[in-house]
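Please read the points below alongside the sequence and the coordinates.

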Amino acid sequence: MASLNKVTLIGNLGADPEVRYLDGGAVVAQFNVATTEKYTNRNGEKVEQTEWFRVELWNDQAKIAEKYLKKGNPVYIEGRLRTETWVDKEGKERFSLRVRANTMQLLGSPGERDQNEGGYEAPRQQQAAPAPRQQQAAPAPSAPAPQRQARQPEPTPFDGNSGDDDLPF
């Protein structure tokens, strides 16, 4: 049987990405993404529930994250869950989930990203100043033109059993 391990997140960065350059030339960026669910419970109280996800990006995407992602930026992440196992200082085996992203997209406009303490700004193209518009004199009011109505074709009456039905059912 086929299986699927896919995660899609839209959230905000909790901090600037931590980027490491490894010996073999690989690059990894790690950061936290917060997703927030807002709803009203049965008692009519507004509830806000935030979940945090640890995300990692590799190589070219890690370099893009290092350059453009900043704390607070909205981001779209798509990837798969990975379970990590380790032994803590007390000798207990611990587990954690991490999202290994294969797709990352910056969300929001460059201006919005700049308001969140940095981020990507697309190059701006210089545009020639628009030519000043000349005002035209308003036409003098005149009598309304007579309106013609388009003639609508007459609908053909429906004959439910015309006998020329060649459908097999």
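**Notes on the model**

1. The chain has an average pLDDT of 79, and 65% of its residues score at least 70; pLDDT is the predictor's confidence in each residue, on a scale from 0 to 100. Residues 116–132 fall below 50, and beyond near neighbours in sequence this stretch has 22 contacts in the model, a contact being heavy atoms within 4.5 Å.

2. This is a predicted model, in which local features need pLDDT of at least 70 and side-chain atom pairs count only at pLDDT 80 or more, while totals for chains, interfaces and linings use all residues. Residues are numbered from 1 along each chain as its sequence is written, and side-chain values use heavy atoms, with hydrogens and water left out.

3. The chain contains six strands and two helices, in the order β-β-β-β-α-β-β-α along the sequence. Both kinds of element are DSSP runs numbered from the N terminus: helices are H or I with at least four residues, strands are E with at least two.

4. Of the 169 residues, 19% are buried (under 20% relative accessible area; exposed is over 50%, partly exposed in between; 1.4 Å probe, protein chains only). Of the contacts between residues at least 6 apart in sequence, 56% link residues at least 24 apart.

5. Strands S2 (residues 18–21) and S3 (residues 27–40) run antiparallel and are joined by four bridges; pairing requires at least two bridges found by DSSP. Glutamate 18 has glutamine 30 in S3 as its bridge partner. Five residues separate the two strands of this hairpin, and glycine 25 in the turn has a positive phi of about 100 degrees.

6. The largest nonpolar core has 18 residues, of which Phe31, Val55, Leu57, Leu69, Val75, Ile77 and Met104 touch the most other members. At least two core residues come from each of S1 (7–13), S3, S4 (46–58), H1 (59–68), S5 (74–87) and S6 (93–106). A nonpolar core is a set of buried Ala, Val, Leu, Ile, Met, Phe, Trp, Tyr and Cys residues joined through side-chain atoms within 4.5 Å.

7. What does leucine 69 touch, leaving out residues up to four places away in sequence? The list is Leu13, Pro17, Phe31, Ile64, Val75, Met104 and Leu106.

8. Aspartate 88 sits in the loop between S5 and S6. Is aspartate 88 buried or exposed? Aspartate 88 counts as buried because its relative accessible area is 18%. Its side chain reaches the backbone nitrogen of glutamate 90 at 3.0 Å.

How values were computed. Polar contact = N/O pair within 3.5 Å; in protein donor to acceptor, adjacent residues only side chain to side chain.
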